[in-house]
Amino acid sequence: MLLEIGDTLVRGECVKLSGFGVFTVRDKAKRVGRNPKTGVEVPIELGRVVTFSASDVLKKHVNRA
């Protein structure tokens with residue numbers, strides 16, 4: 001199951017798990033970051049990140065505890 005989810009995300013498609021949430025892939029632009037220790041600017045290359053949005057069912061379950 002995890003391989004199927006991963007393959008779907010690699011293709012750029014969203015994965016919705018009913019009652020749990022939605023995984024999506026987002027493209028991040030090239031940008032300039034900063035080393036927090038030294039303050040030196042560092043270029044950050046473009047890339048892709050996985051984001052997760054919890055369903056209302058999951059949020060209610062977690063907040064009930």
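Predicted model: local features only at pLDDT ≥ 70, side-chain atom pairs only at ≥ 80, totals over all residues.
Colleague: Fine. In what order do the strands form the open sheet?
Modeller: Three strands form it, in the order β1-β2-β5. The pairing is antiparallel.

Colleague: Which are the edge strands?
Modeller: β1 and β5. Each of them pairs on one side only.

Colleague: How many degrees are neighbouring strands turned against each other?
Modeller: On average 25 degrees, with direction ignored.

Colleague: Let's take the pairings. How many bridges between β1 and β2?
Modeller: Three, in the antiparallel sense. In that pairing, K16 stands opposite V22 in β2.

Colleague: And how many for β2 and β5?
Modeller: Eight bridges, antiparallel again. G21 faces A54 in β5. V22 has S53 as its bridge partner in β5.

Colleague: Back to the hairpin of β1 and β2. How many residues sit between the strands?
Modeller: Three. In this hairpin G19 takes a positive phi, near 80 degrees.

Colleague: New topic: aromatics. How many aromatic pairs does the structure hold?
Modeller: Two. In one of them, the ring centres of F20 and F52 are 5.3 Å apart and the planes are at 50 degrees, so this pair is tilted.

Colleague: Why tilted?
Modeller: Planes under 30 degrees apart count as stacked and over 60 as edge-to-face, so the rest, including the 50 degrees of F20 and F52, are tilted.

Colleague: Where do F20 and F52 lie?
Modeller: F20 is in the loop between β1 (15–17) and β2 (21–28). F52 is in strand β5, residues 47–54. The pair therefore ties together parts that are 32 residues apart in sequence.

Colleague: What about the rings of F23 and F52?
Modeller: Their centres are 4.7 Å apart and their planes are at 45 degrees, so that pair is tilted too. F23 lies in strand β2 and F52 in strand β5, so the pair ties together parts 29 residues apart in sequence.

Colleague: Which residues do the ring pairs link into a cluster?
Modeller: F20, F23 and F52.

How values were computed. Residues numbered from 1 in each chain as written. Heavy atoms only, no water. Phe/Tyr/Trp six-rings, centres within 6.5 Å; stacked < 30°, edge-to-face > 60°. Helix = DSSP H or I, 4+ residues; strand = E, 2+ residues; numbered from the N terminus. Pairing = 2+ DSSP bridges. Axes fitted to C-alpha atoms, helices over the stretch in contact; angles between N-to-C directions.
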